[in-house]
Amino acid sequence: EPTNTVFTQDDSYFTSGGTYIAYCWTSIPFFSAIGSYQGNGDNNGPFVWTGFKPAFVMVKRRDNTGNWRIWDTERDIVNSYPTKKLYPDSDSNQEGSNDTNEIDIVSNGFKFRSNVSEGNSNDAIYIYACFAEHPFKLSRAR
């Protein structure tokens, strides 16, 4: 059985001869935030508190086969929202641009600003992983 230190998976998810990888992460205060949230399908979407400004936000809808999405603050950002996103599990379309202000990355988390299915469908559950722009407990701007 799974515990806080042991990862297990039901055999029904595996096929004979397949190759599998499991990434097991945990939240570390002021460095990473891993969790889930529920979308509301509104242009005033959910706010996810991380306790730090994320440099990298990765989101996946839990109940469908759609792609993972990554937004970051390094490649191209206007005010607090990134204008580009990555699809890390896609062979044909690795990078895309945001048609609207989909997500704001702010000083203590992220917030969806549109009802895009990849991050804010009504009642959908999403899992996310974020990593801090400045991963220090007492970092200050200078």
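R69 is buried, at a relative accessible area of 12% (buried means under 20%, exposed over 50%, partly exposed in between, with a 1.4 Å probe and protein chains only). This is a predicted model, in which local features need pLDDT of at least 70, side-chain atom pairs count only at pLDDT 80 or more, and totals for chains, interfaces and linings use all residues. Residues are numbered from 1 along each chain as its sequence is written, and side-chain values use heavy atoms, with hydrogens and water left out.

**Salt bridges**

- The structure holds six salt bridges (a side-chain nitrogen of Lys or Arg within 4 Å of a carboxyl oxygen of Asp or Glu).
- R69, K85, E102 and E118 are linked in a network of these bridges.
- E118 pairs with R69 at 2.6 Å, N to O; E118 sits in the loop between β10 and β11, R69 in strand β4, 49 residues apart.
- E118 also pairs with K85, with the closest N and O atoms 2.6 Å apart; K85 lies in strand β7, so this contact ties together parts 33 residues apart in sequence.
- E102 and K85 meet at 3.0 Å, N to O.
- E118 is buried at 12% relative accessibility, and K85 is buried at 5%.

**Sheet**

- Three strands form an open antiparallel sheet in the order β2-β10-β9 (strands are DSSP runs of E, at least two residues, numbered from the N terminus; two strands pair if DSSP finds at least two bridges between them).
- β2 (47–49) and β9 (103–106) are at the edges with a single partner strand each, so one side of each lacks a neighbour in the sheet.
- β9 and β10 (residues 109–112) pair over four bridges, and I103 stands opposite F112.
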